Amino acid sequence: FFCGLLDLLAAAGCRAASPMQLIAPGPAVLLASALAARPAARGGRPFCMGGGFGAAARDTFKYSGKVRPGKQSPKRSVPKSISKPDYWKDGQPKARGPMLPWQIQKKSEADIEGMRAAGRIAREVLDLAGAAVAPGVTTEAIDALVHEAAVSRGAYPSPLNYHGFPKSCCTSVNEVICHGIPDSSKLRDGDIVNIDITCYYGGYHGDCSETFLVGEVDEAGRQLVKVTHDAWQAAIAYCAPGKEYKGIGAIIEDYIAPHGYSTVREFCGHGVGSVFHETPNVIHARNNEPGTMQVGHTFTIEPMICEGVEKHILWRDGWTATTKDGKRSAQFEHTLLVTPDGIEALTARTENSTPFWWEK
């Protein structure tokens with residue numbers, strides 16, 4: 001579900017567009033825009049700007065596409081009996097992973113078993129959420145289902161209050177690249193929606209996402225989703241002990257190029273375990289990020305592929321990132337484990353997962 005590392009930014013040389021994802025090293029202008037966006041988004045700036053004394057408030061933000069924010073319900077609670085991550089109360093993560101980008105933690109057998117359990121729960125919750133997708137369903141209703149499904153399995157929905165995120169999952173519709181906040185907005189026939197799930201169980205996070213079709217989606221939208229999935233799978237197939245992490249981005253970029261798509265650089269995959277976001281930084285485009293895969297590494301691959309430009313704008317909520325040109329974006333994600341023989345998806349689909357539309 002997300003990728004960020006505010007806690008490692010200074011040491012790792014990365015810059016955050018939002019607390020859940022990383023910005024890879026790049027031109028100084030990215031730093032300026034990212035830093036400029038955060039105070040405005042987080043500093044109490046009114047979401048709606050007034051239209052004059054006595055006039056109804058109106059939203060003057062320049063959205064890039066047709067998606068608009070709806071009304072949010074209050075933050076949901078989690079039973080006291082459920083084990084919680086260290087940020088659950090104040091929103092501030094305290095656990096630290098390795099501080100340098102080439103320092104990547106090898107998980108123990110006990111860690112791996114714990115992550116398998118968390119990954120299975122995340123998969124079950126994602127499958128339930130995906131089955132609920134239909135025209136007229138609100139993203140708020142999906143969030144409520146996700147919250148209840150996680151809690152009923154003894155898990156904490158990891159996004160909830162992570163750096164203040166107000167909901168239990170992310171729902172990113174059409175031009176929303178990532179971190180869409182569930183609200184009263186209804187899904188419409190022809191939409192595509194990514195649902196990003198992370199569950200904290202037994203002291204570990206399991207992180208996964210898929211993009212779903214809402215009703216009858218046009219051929220261009222269906223192709224975007226299928227190509228994103230296939231590029232993601234090609235990147236996963238590349239992974240094995242001794243492979244460089246930077247190779248993941250090259251595979252994705254080469255796969256999507258014939259289709260005229262772009263891959264988002266500013267948000268990336270990440271290490272995951274007892275800490276929600278840690279090294280390595282997994283960038284989904286050509287890069288020079290250090291790090292070599294070794295047995296016991298756990299991380300996510302989660303490419304965000306766009307019909308048009310990969311650049312984004314950040315809404316005033318400080319979370320929702322949309323394509324700058326308003327064209328659609330799709331994403332898939334697994335939590336992965338490097339094994340002696342290659343790679344294992346800890347959030348793999350099961351026989352109970354709804355087949356993809358091209359498998360039916």
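These legends describe several close-up views of one predicted model.

Residues are numbered from 1 along each chain as its sequence is written, and side-chain values use heavy atoms, with hydrogens and water left out. Because the model is predicted, local features need pLDDT of at least 70 and side-chain atom pairs count only at pLDDT 80 or more, while totals for chains, interfaces and linings use all residues.

**View 1. The whole chain.**
The protein chain has 6 helices and 17 strands. Helices (H or I, at least four residues) and strands (E, at least two) are DSSP runs, numbered from the N terminus. Of the 360 residues in the chain, 57% are buried. Buried means under 20% relative accessible area, exposed means over 50%, and partly exposed lies in between (1.4 Å probe, protein chains only). A contact means heavy atoms within 4.5 Å. Among contacts between residues at least 6 apart in sequence, 72% join residues at least 24 apart.

**View 2. Helix α5 meets helix α6.**
Helix α5 covers residues 219-238, and helix α6 covers residues 246-256. Their axes come within 9 Å and cross at roughly 145°. Axes are lines fitted to C-alpha atoms, for helices over the stretch in contact, and angles run from 0 to 180 degrees between N-to-C directions. The crossing of α5 and α6 is right-handed. A crossing is left-handed if the near helix is turned anticlockwise from the far one by less than a right angle, and right-handed if clockwise. On the α5 side, the contact residues are Val227, Asp230, Ala231, Ala234, Ala235 and Tyr238. They meet Gly247, Ile248, Ile251, Ile252, Tyr255 and Ile256 in α6. By class, this contact has 10 nonpolar, 1 polar and 1 charged residues. Here Ala, Val, Leu, Ile, Met, Phe, Trp, Tyr, Cys and Pro count as nonpolar, Asp, Glu, Lys and Arg as charged, and the others, Gly among them, as polar.

**View 3. An open sheet of 3 strands.**
The strand order is β5-β14-β13, and the pairing is antiparallel. Two strands pair if DSSP finds at least two bridges between them. β5 and β13 (312-314) stand at the edges, each with a single partner strand, so one side of each has no neighbour in the sheet. Neighbouring strands are turned by 40° against each other on average, direction ignored. β13 and β14 (residues 321-323) are joined by 3 bridges.

**View 4. Backbone details.**
Asn174 sits in the loop between β4 (170-173) and β5 (176-178). Its phi is positive, about 55°, although Asn174 is not a glycine. Asn174 is buried, at 9% relative accessible area. His179 lies in the loop between β5 and β6 (192-201). His179 is not a glycine either, yet its phi is positive, about 65°. His179 is buried, at 1% relative accessibility. Elsewhere, the peptide bond from Thr279 to Pro280 is cis, with omega near 10°. Pro280 belongs to strand β10 (residues 278-282).

A disulfide is a covalent bond between the sulfur atoms of two cysteines. It is counted here when a pair of cysteine sulfur atoms lies within 2.5 Å. The structure holds 0 disulfides. For Cys169, the closest cysteine sulfur is in Cys170, 6.9 Å away, which is too far for a bond. Cys306 is in no disulfide, and its nearest cysteine sulfur, that of Cys178, is 9.5 Å away. Cys169 is buried, at 0% relative accessibility. Cys306 is buried too, with a relative accessible area of 0%.
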